[in-house]
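Here is a walk through the model, taken one feature at a time. Keep the viewer open and follow along.

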Amino acid sequence: MVHLVIKISQNHPQLHFRIIQVDQFPTWAQSAGVVSTPSLLIAGQPLHAGNLSPTQLAFYLWLAATPPSS
Amino acid sequence: MISLEELTARVAALSGPATIRVTSSDRQQSDVLATIDMLEMLAAESSLRIVHCPDEAMVGVRVTLAVESNVSPISFWGTPSGYELEGLVYALECLTQPNRATDSIEGPHIVAILNDLPRPVCADLFVTPT
């Protein structure tokens with residue numbers, strides 16, 4: 001997942017990722033609901049636990065960036 | 001598991017000047033000193049600069065990467081170790097050698113999905129040192 005988010009953000013400048021070590025930020029991880037790693041948190045979405053495929057990641061990011069249709 | 005020597009060699013092969021910024025509230029804290037020491041070992045054979053940026057509000061350590069005014073979209077929260085340290089080197093390589101990032105990990109359908117996003121997205125990836 002780490003390499004995937006690095007690569008995808010380099011190719012698409014509107015994407016930014018914080019890579020957070022849970023052992024050094026346990027409170028942050030706990031408040032995000034992290035129980036296993038890797039876990040990806042995108043605002044407005046439930047926590048995505050486990051490795052995501054490039055297609056899955058792209059879809060969730062697109063979903064976050066796209067306003068809901070009225 | 002990639003050795004520190006291999007990572008140091010990859011950093012030495014980077015093209016272009018790059019800076020690693022280590023942000024913390026207190027440079028003298030043991031975890032901050034350990035982070036800076038490790039990064040200086042990584043940078044020992046290169047022109048990579050390690051800079052400490054004090055921020056009183058910062059809890060823990062944050063590591064960011066930049067090539068001149070171009071800042072990486074990736075930030076590392078906590079001292080990267082093991083596989084995450086390799087990820088930091090990979091992020092540096094992508095930043096200094098943009099063509100490196102264009103390989104088959106993204107098919108045309110993914111490029112189409114992510115090109116021209118209507119608004120920026122920031123996401124948090126929680127990891128455990130391996």
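In this predicted model, the side chains of B:Glu93 and B:Arg10 meet in a salt bridge, with 2.7 Å from N to O. A salt bridge here is a side-chain nitrogen of Lys or Arg within 4 Å of a carboxyl oxygen of Asp or Glu. The pair links distant parts of the chain, with B:Glu93 in helix H3 of chain B and B:Arg10 in helix H1 of chain B, 83 residues apart. B:Glu93 counts as buried, at 5% relative accessibility. Buried means under 20% relative accessible area, exposed means over 50%, and partly exposed is in between, using a 1.4 Å probe and protein chains only.

B:Arg10 has another partner too: its side chain meets that of B:Glu86 in a salt bridge, again listed as 2.7 Å from N to O. B:Glu86 lies in helix H3 of chain B and B:Arg10 in helix H1 of chain B, so this pair ties together parts that are 76 residues apart in sequence. B:Glu86 counts as buried as well, with 8% relative accessibility. Salt bridges that share partners join B:Arg10, B:Glu86 and B:Glu93 into one network.

Now zoom out to the two helices themselves. Helix H1 (residues 4-12) and helix H3 (residues 83-96) of chain B pack at an angle of about 10°, with their axes 10 Å apart. H1(B) and H3(B) are therefore roughly parallel to each other. The contact is made by B:Leu4, B:Leu7, B:Arg10 and B:Val11 on the H1(B) side, and by B:Leu85, B:Glu86, B:Val89, B:Tyr90 and B:Glu93 on the H3(B) side. As for the terms, axes are lines fitted to C-alpha atoms, for helices over the stretch in contact, and angles run from 0 to 180 degrees between N-to-C directions. Angles under 35 degrees count as roughly parallel, over 145 as roughly antiparallel, 65 to 115 as roughly perpendicular and the rest as oblique. Contact means heavy atoms within 4.5 Å.

Stay on helix H3 of chain B and find B:Tyr83. B:Tyr83 counts as partly exposed at 40% relative accessibility. Leaving out residues up to four places away in sequence, B:Tyr83 touches A:Val2, A:His3 and B:Thr130. B:Tyr83 and B:Pro129 are 46 residues apart in sequence, yet 6.9 Å apart in space, C-alpha to C-alpha.

A:Arg18 lies in strand S1 (residues 15-21) of chain A and B:Asp124 in strand S5 of chain B, so the pair joins two chains. A:Arg18 is partly exposed, with a relative accessible area of 27%, whereas B:Asp124 is buried at 7%. Over all chains, the structure holds three salt bridges.

On to chain A, which has three helices and three strands, running α-β-α-β-β-α from the N terminus on. Its C-alpha trace spans about 35 × 30 × 20 Å along the principal axes, and 46% of its 70 residues count as buried. A cis peptide bond joins A:Thr37 and A:Pro38, with omega at about 0°. A:Pro38 sits in the loop between helix H2 (26-32) and strand S2 (39-42) of chain A.

Most residues other than glycine have a negative phi, and most peptide bonds are trans. B:Glu68 has a positive phi, near 55°, and lies in the loop between strand S3 (62-67) and strand S4 (70-77) of chain B. B:Asp116 also has a phi near 55°, and is found in the loop between helix H4 (108-114) and strand S5 (121-127) of chain B. B:Glu68 counts as exposed at 63% relative accessibility, and B:Asp116 is exposed at 76%.

A word on conventions: residues are numbered from 1 along each chain as its sequence is written, and chains are lettered from A and ligands numbered from 1 in the order in which they are written. Local features need pLDDT of at least 70 and side-chain atom pairs count only at pLDDT 80 or more, while totals for chains, interfaces and linings use all residues, and side-chain values use heavy atoms, with hydrogens and water left out.

Methods
Helix = DSSP H or I, 4+ residues; strand = E, 2+ residues; numbered from the N terminus.
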